[in-house]
Amino acid sequence: MATQKRVISFHYTLTDSSGEVIDTSRDQNVPFSFLEGSGQIIPGLEKALALLSVGDTRKVEVAAADAYGTVDEQLMVKVPREKLPNSAELQEGDQFQATGPNGEVLLFRVIGIEGAEVALDGNHPLAGEDLTFDVEMMAVRDATPEEMAHGHAHGEGGHHH
Ligand code: ZN
């Protein structure tokens, strides 16, 4: 028998270090639900939520290293334009998958085009950002055996099959 885990439901508004809202659950009116320990949310936020009771509100500040990681300079590369798919119509902000230095598949974004050379960034768009989550704890319950087996929360705000 695996250790009993909980499903935690919370509302959040995520802002970056400049105070700009990046994402919020408030516009859906349904709190976000996740299964503890399943890696569904960033570790720094999960750690803070685990200490809250239903009804608690909290400003949770998560340093970049505990959020989407620091910026990895190795993932900022320049490549010849003709090596890229769709090279004639390439634009800043385009994304495509490529293999990173350790053989992992990464999503690269075009961050600059200089003549025949294209600057790519394989970091998560929020890498290097200290994040602030304004959270409100909405509900906590034991996960069902099915949720434990699937590795995610079901029902409102969770996973739908
Ligand atoms: Zn499921």
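1. Strand β1 pairs with strand β9 (residues 131-142) in the antiparallel sense, over 10 bridges. Two strands pair if DSSP finds at least two bridges between them. Strands are DSSP runs (E, at least two residues), numbered from the N terminus. Arginine 6 faces aspartate 142 in β9.

2. This is a predicted model: local features need pLDDT of at least 70, side-chain atom pairs count only at pLDDT 80 or more, and totals for chains, interfaces and linings use all residues. Residues are numbered from 1 along each chain as its sequence is written, and side-chain values use heavy atoms, with hydrogens and water left out.

3. Four bridges join β1 to strand β3 (residues 32-35), antiparallel. Serine 9 has serine 33 in β3 as its bridge partner. Strand β2 (residues 21-24) pairs antiparallel with β1 over three bridges.

4. Nine of the 10 residues of β1 (residues 6-15) are buried, so β1 is largely enclosed by the rest of the structure. Buried means under 20% relative accessible area, exposed over 50%, partly exposed in between (1.4 Å probe, protein chains only).

5. The zinc ion is coordinated by His150 (ND1), His152 (NE2), His154 (NE2) and His161 (NE2), at 2.0 Å. Donors are N, O and S atoms within 2.8 Å of the metal (3.2 Å for Na, K and Ca); water is not among the atoms, so sites may look incomplete. Histidine 154 is buried at 13%; histidine 150 is partly exposed at 38%.

6. The domain assignment, automatic or from a database, gives domain 1 (6-68 + 127-150) and domain 2 (73-121). Their C-alpha centres lie 32 Å apart.
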